[in-house]
Amino acid sequence: MTTLKVAMIGYGFMGAAHSQGWRTAPRVFDLPAAPEMAVIVGRRPDAVAEAAQRWGWAESATDWREVVTRDDIDIVDIVTPGNSHAEIAVAALEAGKHVLCEKPLANTVAEATHMAEAAGRSAANGTLSMVGFTYRRVPAATFARDLVARGALGRVQQVRASYRQDWLVDSEAPLNWRLQKEHAGSGALGDIGAHAIDMVQFITGQWVQRVTGVVDTLVEERPLPAAAHGPADTQRGRVTVDDVAIFTGRLDSGALASFEATRYATGRKNALNVEISGERGAIVFDLEDLNTLWFYDRTAPEDQQGFTRILVTEPSHPYLSGWWPPGHLLGYEHGFSHQVKDLVTGIATGEPPHPSFADGLHVQRVLDAVERSAAQDAAWVGV
């Protein structure tokens with residue numbers, strides 16, 4: 001079996017999640033090639049060496065430029081903050097490496113365009129790329145896409161999507177890179193709103209074409225990390241991204257979609273919720289109940305209509321054939337194994353995996369359009 005040696009650039013929270021996927025996928029699924037966790041890269045030698053030992057990487061390094069040009073590396077997995085995605089991804093693609101890049105694709109449309117163009121050139125030589133919108137690969141979300149594609153909902157009439165968290169409700173929580181535009185590009189809009197946009201486009205099979213929306217920053221200053229604890233807690237830094245984004249979009253068909261992305265929804269920990277309403281039925285997906293899909297069949301007899309809870313754990317459901325007996329639930333981390341499965345299968349077969357960098361670029365354009373709309377008093381803006 002062909003071996004695909006992987007280099008992962010970055011080692012934070014997403015590094016742990018991606019490592020879980022690389023470790024587990026070849027032990028659960030019969031993959032057409034064998035991924036090997038070759039090297040993990042970070043700026044701090046001691047910290048990245050510890051991450052390599054803890055997560056199962058063969059070695060660690062501190063120079064990503066040297067690693068992406070190594071002859072023994074086949075795949076580069078990028079889990080760094082968004083401001084470095086474009087430089088790393090383009091360098092890796094030009095070095096002939098397949099690339100997996102965390103979402104959002106970049107911090108700006110210009111960067112994402114550069115990446116998509118590089119991916120297009122590389123694809124002609126058999127070098128593939130994919131964006132890490134992992135929630136697509138939660139089995140219930142993929143099953144929702146399948147139901148829409150087979151016509152179970154009929155014509156899509158309206159969509160409601162929200163991604164709500166509460167980890168910034170405490171106004172004294174310290175400043176971090178996700179709250180700084182130069183590193184993150186945007187706040188709740190790009191960090192979690194991008195997931196809501198991609199999920200709607202994935203499930204409906206339609207793209208957002210126009211938007212109107214507002215963004216807001218609720219807490220404009222926070223304690224600097226070094227001064228976040230102790231009595232002399234006086235050093236503070238500016239929050240330069242949004243905390244809340246609320247917008248409406250028009251899909252290809254003209255259907256209206258409403259979106260909310262916030263990190264101030266008190267009591268909501270990781271609530272990605274998507275509801276698709278069609279002329280024949282409806283579906284509801286909630287990431288905080290990720291093994292369940294709710295389905296309403298409007299064609300059923302009137303006295304039998306109502307939302308039906310579907311436990312998405314059957315072997316016939318997407319990705320489930322490799323896991324446990326029916327009723328034995330999956331968790332957050334399993335989506336990363338499914339991501340590895342799809343990427344490795346695409347590389348081995350030559351079939352481009354999805355979402356592509358072009359898909360990621362479109363999401364970036366939607367994010368940009370929302371920001372432009374907000375700057376124009378919520379005017380409608382084309383994507």
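Rings of Phe, Tyr and Trp (its six-membered ring) are taken to pair if their centres lie within 6.5 Å, with planes under 30 degrees apart counted as stacked, over 60 as edge-to-face and the rest as tilted. Under this criterion, ring pairs join Phe13, Tyr135, Tyr163, Tyr332 and Phe336 into a cluster. The structure is a predicted model, in which local features need pLDDT of at least 70 and side-chain atom pairs count only at pLDDT 80 or more, while totals for chains, interfaces and linings use all residues. Residues are numbered from 1 along each chain as its sequence is written, and side-chain values use heavy atoms, with hydrogens and water left out.

A search of the whole structure gives 8 aromatic pairs. One of them, formed by phenylalanine 247 and phenylalanine 259, is stacked, with 4.7 Å centre to centre and 10° between the planes. Phenylalanine 247 belongs to strand S11 (residues 244-251) and phenylalanine 259 to strand S12 (residues 256-262), so the pair ties together parts that are 12 residues apart in sequence. Strands (E, at least two residues) and helices (H or I, at least four) are DSSP runs, numbered from the N terminus. Both phenylalanine 247 and phenylalanine 259 are buried, where buried means under 20% relative accessible area, exposed over 50% and partly exposed in between (1.4 Å probe, protein chains only).

Charged side chains also face aromatic rings; a charge sits over a ring if NZ of Lys or CZ of Arg is within 6 Å of the ring centre and within 35 degrees of the ring normal. Arginine 210 lies over the face of tryptophan 380, at 4.9 Å from the ring centre. The charged end of lysine 341 is placed over the ring of phenylalanine 29, 5.7 Å from its centre.

The domain assignment, of automatic or database origin, divides the protein chain into domain 1 (3-135) and domain 2 (139-289 + 291-330 + 361-382). The centres of domain 1 and domain 2, taken over C-alpha atoms, are separated by 25 Å. The contact between them takes 19 residues from domain 1 and 26 residues from domain 2, contact meaning heavy atoms within 4.5 Å.

Helix H10 (residues 357-375) has 19 residues, which at 1.5 Å a residue should span 27 Å; the end C-alpha atoms are 27 Å apart, in agreement. The expected span is 1.5 Å times one less than the number of residues. Among the buried residues of H10 are Phe357, Leu361, Val366, Leu367 and Val370, as well as the polar residues Asp359, His362, Gln364 and Ser373. At the start of H10, a side-chain oxygen of serine 356 comes to within 3.3 Å of the backbone nitrogen of alanine 358.

Most residues other than glycine have a negative phi, and most peptide bonds are trans. Aspartate 377, which is not a glycine, has a positive phi of about 55° and is located in the loop between H10 and strand S17 (381-382). With a relative accessible area of 73%, aspartate 377 is exposed. Tyrosine 319 likewise has a positive phi, near 70°, and lies in the loop between strand S16 (308-311) and H9. At 16% relative accessibility, tyrosine 319 counts as buried. A cis peptide bond joins lysine 103 to proline 104, with omega about -20°; proline 104 is in the loop between strand S5 (98-102) and helix H5 (109-123). A cis bond is also found between histidine 354 and proline 355, where omega is about 5°, and proline 355 is in the loop between helix H9 (334-349) and H10.

Threonine 292, in strand S15 (residues 292-297), counts as buried at 2% relative accessibility. The side chain of threonine 292 makes a polar contact of 3.4 Å with the side chain of arginine 309. A polar contact is a pair of N or O atoms within 3.5 Å; within protein, one must be able to donate a hydrogen and the other to accept it, and residues adjacent in sequence count only if both atoms are side-chain atoms. Leaving aside neighbours within four places in sequence, threonine 292 is in contact with Ala140, Phe285, Arg309, Ile310 and Leu311. Histidine 334, in helix H9, is buried with a relative accessible area of 9%, and a polar contact of 3.5 Å joins its side chain to that of glutamate 333.
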